[in-house]
Amino acid sequence: MKLLDDKEKIYLLDDNNFDFPTLNMMKDDLVAIGGDFHPQRIVNAYQNGIFPWFIDEYNYIHWFSPKKRMVLYPEEFRLTKSLKRVIKNKGFVIKSNERFEDVIKSCANIKRKHEDSTWISHEFIQAYTNLFHLEYAFSIECYLDDKLVGGLYGLLIGDVFCGESMFSLEKDASKVAFYHLCNQAKQNGIKIIDCQVYNEHLASLGAKEIPREEYFKILKNNS
């Protein structure tokens with residue numbers, strides 16, 4: 001691991017090992033570039049509070065650890081009256097891990113406000129599908145009339161679920177999937193859901209920002 005920018009504390013990862021910067025080596029949100037999508041490298045990243053976000057034009061993976069981390073404690077999910085009615089009356093059916101690759105591809109293809117393109121490239125799809133087969137990555141799927149209309153995916157690291165992305169082809173489908181994720185989290189002893197960076201949609205569901213240092217304490221207690 002080589003220090004590329006002393007002022008910003010950005011590191012170039014070593015191709016020969018899977019080490020990442022530690023908390024005391026970090027300054028900004030972007031903490032490292034380079035490396036590859038070897039499954040152990042990705043798992044090491046999440047275990048150290050870091051996640052890959054995009055690949056630049058030089059084919060470098062960019063690795064982030066936000067100074068303000070967006071998280072949600074499952075018991076703090078905000079179930080509104082309107083969402084409760086949707087869950088009861090809409091007819092959504094929830095399944096897990098049956099169509100993981102379709103979920104991540106749908107997350108890649110969905111059009112989002114203020115975004116011209118997606119960071120979920122072919123390399124990301126392949127990497128996280130590999131992690132699914134290794135039982136690190138999981139999906140929650142929302143169906144309506146047997147059609148996949150919403151869902152989310154992420155990695156389970158100990159008792160922390162690291163959410164990656166979600167999509168919705170039907171109004172409220174991703175909210176319903178997220179509600180079921182929180183229920184499964186409570187049932188299975190998952191302490192916290194990592195939402196990475198601030199998102200107004202997730203904030204409306206009860207997610208909040210905490211300091212990077214606090215998130216690292218959570219990870220340490222999880223190890």
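A salt bridge is a side-chain nitrogen of Lys or Arg within 4 Å of a carboxyl oxygen of Asp or Glu. This predicted model holds eight of them.

Q: What makes D36 and R41 a salt bridge?
A: The closest N and O atoms of D36 and R41 are 2.7 Å apart. The cut-off is 4 Å, so the pair qualifies.

Q: Why is R41 called buried, and why is D36 called partly exposed?
A: Buried means under 20% relative accessible area, and partly exposed lies between that and 50%. R41 has 0% and therefore counts as buried. D36 has 33%, so D36 is partly exposed.

Q: How do you know that R99 and D102 form a salt bridge?
A: The N to O distance between their side chains is 2.8 Å, and the limit is 4 Å. R99 is partly exposed at 32%, and D102 is partly exposed at 32%.

Q: What separates K105 and E101 along helix 3?
A: They are four residues apart, which means about one helical turn. Their side chains meet in a salt bridge at 3.4 Å, N to O. K105 is partly exposed at 36%, as is E101 at 37%.

Q: Which residues of helix 3 and helix 4 meet?
A: F100, E101, I104, K105 and A108 in helix 3 meet F124, I125, Y128, T129 and F132 in helix 4. By class, this contact has seven nonpolar, one polar and two charged residues.

Conventions:
Residues numbered from 1 in each chain as written. Predicted model: local features only at pLDDT ≥ 70, side-chain atom pairs only at ≥ 80, totals over all residues. Heavy atoms only, no water. Contact = heavy atoms within 4.5 Å. Helix = DSSP H or I, 4+ residues; strand = E, 2+ residues; numbered from the N terminus. Nonpolar A, V, L, I, M, F, W, Y, C, P; charged D, E, K, R; others polar. Buried < 20%, exposed > 50% of the residue type's maximum accessible area, 1.4 Å probe, protein only.
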